[in-house]
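Please have the viewer ready.

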Amino acid sequence: MSKQLTHEEAEALVTSDDPEHPANLISELCREFYKLGWVTGTGGGISIRQGEHVYLAPSGVQKERIKPEHIFVLPFAQSSVPKPGSKRDFLRIPSKKGLSESQCTPLFWNAFTMRSAGACIHTHSQHAVMLTLLHPRDAQSFKISHQEMIKGVRIGGVGKTLSFFNTLEIPIIDNTAVEEDLTESMAAAMEKYPDAPAILVRRHGVYVWGNTWEQAKTQSECLDYLFEIAVKMLLAKLPLVGDN
């Protein structure tokens with residue numbers, strides 16, 4: 001059970017003039033991701049872990065209008081590992097009515113616990129969605145090689161960067177009606193594909209993680225580029241793997 005904080009202590013968790021503070025970063029990054037079309041219609045989100053605190057964007061809100069005071073703060077050490085429908089421990093809950101924690105919470109925890117990630121980004125990128133649609137229904141992963149932007153992607157999302165000649169492979173899992181219900185299939189895919197830096201969700205989007213928010217952001221951008229070029233290559237009937 002997490003320590004009960006006073007109101008002043010809880011508010012201090014999201015109050016800072018430092019632009020690098022997680023509460024300020026999440027608000028800024030959501031605005032930038034909105035411009036890219038990654039978090040429109042209140043979808044998508046980001047979570048940043050700083051030490052023993054996890055900062056979480058709220059669910060079901062206009063992501064381009066998020067403010068630091070809208071951020072949830074949770075202790076990383078939960079009474080139980082977040083799972084669909086489970087009760088969470090909170091250090092701070094926003095006072096604004098209508099805000100709820102992100103439906104992505106247990107999926108973000110997959111990245112934190114299984115990859116020791118410092119940040120996880122979830123987008124509804126059209127490039128990611130289209131890529132999953134262009135793969136056969138029974139396809140379990142996406143592969144691509146010989147692309148310069150692969151060099152911005154890390155092994156397992158947190159290891160060494162890949163080289164131009166490496167083949168990048170990202171698992172594809174089926175979507176569910178409720179976001180939280182993706183938790184187990186995401187975890188299973190992460191176990192099966194330990195070198196994957198992300199998880200594609202068919203007809204939905206992608207989850208990307210990194211050691212830091214900078215690495216997670218960089219990889220999200222590189223992967224989105226690769227998803228877009230892969231879609232164009234598939235439509236042009238060009239092979240994704242190899243230098244032909």
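## The second largest pocket

The lining of the second largest pocket is made up of 7 nonpolar, 3 polar and 2 charged residues. In this classification Ala, Val, Leu, Ile, Met, Phe, Trp, Tyr, Cys and Pro are nonpolar, Asp, Glu, Lys and Arg are charged, and the others, Gly among them, are polar. You will find Val81, Pro82, Lys83, Pro84, Pro106, Trp109, Asn110, Thr113, Met114, Thr183, Glu184 and Ala187 around this pocket, whose volume is about 160 Å³. Helix H3 (105-114) and helix H5 (183-192) each provide at least two of the lining residues, and H3 has the largest share, with 5 residues.

Grid points are joined across faces, edges and corners, and a volume is the space filled by probe spheres set on the points. Helices (H or I, at least four residues) and strands (E, at least two) are DSSP runs numbered from the N terminus.

## About the model

This is a predicted model, in which local features need pLDDT of at least 70 and side-chain atom pairs count only at pLDDT 80 or more, while totals for chains, interfaces and linings use all residues. Residues are numbered from 1 along each chain as its sequence is written, and side-chain values use heavy atoms, with hydrogens and water left out.

## An enclosed space

How many cavities of 30 Å³ or more does the structure hold? There is 1, and the largest cavity contains about 40 Å³ of space. Its lining consists of Trp38, Thr123, Ser125, Val206, Val208, Ser220, Leu223, Asp224 and Phe227. Strand E10 (205-210) and helix H6 (213-235) are the elements that give two or more residues to this lining.

H6 contributes the largest share, 4 residues. By class, the cavity lining has 5 nonpolar, 3 polar and 1 charged.

Buried means under 20% relative accessible area, exposed over 50%, and partly exposed in between (1.4 Å probe, protein chains only).

Isoleucine 26 is in contact (heavy atoms within 4.5 Å) with Ile46, Ile48, Tyr55, Leu56, Ala57 and Ile71, leaving aside neighbours within four places in sequence. Leucine 25 also lies in helix H2. Because its relative accessible area is 3%, leucine 25 counts as buried. Not counting residues up to four places away in sequence, leucine 25 touches Pro19, Glu20, Ile48 and Trp213. Leucine 25 and isoleucine 48 are 23 residues apart along the chain, and their C-alpha atoms are separated by 8.9 Å.

## The annotated domain and active site

The unreviewed UniProt entry annotates residues 24-231 as "domain: Class II aldolase/adducin N-terminal". UniProt positions follow the numbering used here, feature names are shortened, and annotations may be inferred rather than shown by experiment. This span is 29% helix and 22% strand, and its end C-alpha atoms lie 34 Å apart.

The unreviewed entry also has an "active site" annotation that covers Glu148. Glutamate 148 sits in the loop between strand E7 (141-145) and strand E8 (167-173). Why is glutamate 148 counted as partly exposed? Because its relative accessibility is 48%.

Isoleucine 229 belongs to helix H6 and is partly exposed, with a relative accessible area of 24%. Isoleucine 229 and glutamine 147 are 82 residues apart in sequence, and 9.2 Å apart in space from C-alpha to C-alpha.

Arginine 203 is not a glycine, although it has a positive phi of about 60°. Arginine 203 is placed in the loop between strand E9 (198-201) and E10, and is exposed at 62% relative accessible area. Lysine 237, also not a glycine, has a positive phi of about 60°. Lysine 237 is in the segment after H6 and is exposed, with a relative accessible area of 75%.

Definitions and conventions: 1 Å grid on protein atoms, 1.4 Å probe; cavity = no way out; pocket = protein on both sides within 12 Å on 5 of 7 lines; lining within 4 Å.
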